Amino acid sequence: MRQHRRTLRLLGSVLLVAMAASVTGAAPAPAASPTPLDRVIPAPASVDPGGSPYRITRGTHIRVDGSRETRGVGEYLAKILRPSTGYRLPVTAQGAGGIRLRLAEGPFGAEGYRLDSGRGGVTITAAKPAGLFHGVQTLRQLLPAAVEKDSVQPGPWLVAGGTIKDTPRYGWRGAMLDVSRHFFTVEQVKRYIDQLALYKINKLHLHLSDDQGWRIAIDSWPRLATYGGSTEVGGGPGGFYTKADYREIVRYASSRHLEVVPEIDMPGHTNAALASYADLNCDGVAPPLYTGTEVGFSSLCAGKDITYDFVDDVIRELAALTPGRYLHIGGDEAHSTSHEDYVKFMDRVQPIVAKYGKTVVGWHQLTGATPAKGALAQYWGLDGTSAEEKARVVKAAQNGTGLILSPADRVYLDMKYTKDTPLGLSWAGYVEAKRSYDWDPGAYLPGVPGGAVRGVEAPMWSETLENSEHIEYMAFPRLPGVAELGWSSAASHDWERYKGRLAAQAERWNALGIEWYRSPQVPWGAGGR
């Protein structure tokens, strides 16, 4: 009889839990521990854990102030959370509690934020919309990985209690995508943008022209796209972005708080342009289209006036399409251009960029000429690059040229992980996850003033990459580490601690449908299956 009464009490308790769940909208679930506040990538500037967690339920609202920008971030968050939670999560300017996004003065800078979590709700505060957006990325990582799925999951949706205060180390945290060697559609570029945003990357550098393909429509030189864009490595169909396509990429990137930096590589890497217009060649003869992978054989004719008419038209049209501050003019591997012609070319082209309101960015070979005032040089050398070449870059930095660090044997995402990697190249060596992460941008080039380093960028060249799965396999797990090098303080960089946080990302990548490389250097656990 006593056992019978105990059974009835147990059944009554189960019914009460079920009734409570129906009222709150929360399904019964086993006890769960929220993700610790310091488990995210990039590592936050400061973490103060404590107090009760917040639980997202059917009654949760996303509360925003009256600004259009804040509402936009709120709607973005709601679109992420609704499919997996099954909750309505209305975005509203009314009421209190829930998830609150607010703009306010504070020590946040342009991209920093503060996240406060407790039983009554989560509040993300920032001075600018970009800071709110980055705070939302942190909130995503504090929720279970299943929150990324596009079907209803059981939860519970807990956010650990405490406070995060966060600001980035560098203002330039970039990723480059080469759409010239192989063409990627607007939707494929958008997919990569979403993956970059998760780790607070804020620059999308698009390599829009090369020997194998010209990828942006230029009205004044239409054959650049229609003919020069008609092929790719291996002889595939190629493709190009119409101006409407490019504007859509820019718009979408902006909605994720990424600034698009377009690149037209010159005077080398220009065979697609030379094949499209014979007059751009010194001998007036157009070469055939090129579908191989060699470099250094092409050059615009530095001695012809039509070359600079061409450059002016291209930069004018591209600048008009690009709201961002920067325009990349390449300048690397111009082996077929004499040093004298290279200097002459850069002396004439850099003022054209300024004329159309943009700041010059070039690969670090630009320092072999005279970088314009305010120009940025993107260093892609190796640990073993000659002392002479490094000294030229260091001297330019000492004279005021800003640096973006992209050492090829550290952060070129198209480098093979090991000799057995089925994709990628290995001319810079093999780059495993630890090597990609385990360096300090601020100390990489001795003699460079601290303020000259503007940030880091992870290029993805596409000689061997043909689709989103290929991009993702080469980006993950290395991309989050590069993002952390750009965002987090040097004092926080520690591979032994980082690899545990990296392993915890695997389940999220699986939920997002990301293809990724299972590096044996990382203790993946269940997420690595």
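Helix 4 has 13 residues and runs 19 Å from its first C-alpha to its last, close to the 18 Å expected at 1.5 Å a residue (the expected span being 1.5 Å times one less than the number of residues). Helices here are DSSP runs of H or I with at least four residues, strands are runs of E with at least two, and both are numbered from the N terminus. The model is a predicted one, where local features need pLDDT of at least 70, side-chain atom pairs count only at pLDDT 80 or more, and totals for chains, interfaces and linings use all residues. Residues are numbered from 1 along each chain as its sequence is written, and side-chain values use heavy atoms, with hydrogens and water left out.

Helix 4 is mostly covered, with 10 of its 13 residues buried (buried means under 20% relative accessible area, exposed over 50% and partly exposed in between, with a 1.4 Å probe and protein chains only). Among the buried ones are Val186, Val189, Lys190 and Ile193. Just after helix 4 comes lysine 200, with a positive phi of about 65°.

What does helix 4 pack against? The axes of helix 4 (residues 186-198) and helix 6 (residues 243-255) come within 10 Å and cross at roughly 15°. Axes are lines fitted to C-alpha atoms, for helices over the stretch in contact, and angles run from 0 to 180 degrees between N-to-C directions. The two helices are therefore roughly parallel to each other (angles under 35 degrees count as roughly parallel, over 145 as roughly antiparallel, 65 to 115 as roughly perpendicular and the rest as oblique). On the helix 4 side, Val186, Val189, Lys190, Ile193 and Asp194 make the contact, and helix 6 brings in residues including Ile249 and Tyr252 (contact means heavy atoms within 4.5 Å). Sorted by class, this contact has six nonpolar, no polar and five charged residues. Ala, Val, Leu, Ile, Met, Phe, Trp, Tyr, Cys and Pro count as nonpolar, Asp, Glu, Lys and Arg as charged, and the others, Gly among them, as polar.

Helix 2 (residues 68-85) and helix 3 (residues 129-142) pack at about 15° too, with axes 9 Å apart. That makes helix 2 roughly parallel to helix 3. Residues meeting here include Val73 and Leu77 of helix 2 and Leu132 and Phe133 of helix 3. The tally for this contact is nine nonpolar, two polar and two charged residues.

Then there is glutamine 365, in the loop between strand 16 (359-363) and strand 17 (376-379). Glutamine 365 is buried, at 17% relative accessible area. Leaving aside neighbours within four places in sequence, glutamine 365 is in contact with Gly331, Asp332, Tyr342, Trp380 and Glu389.
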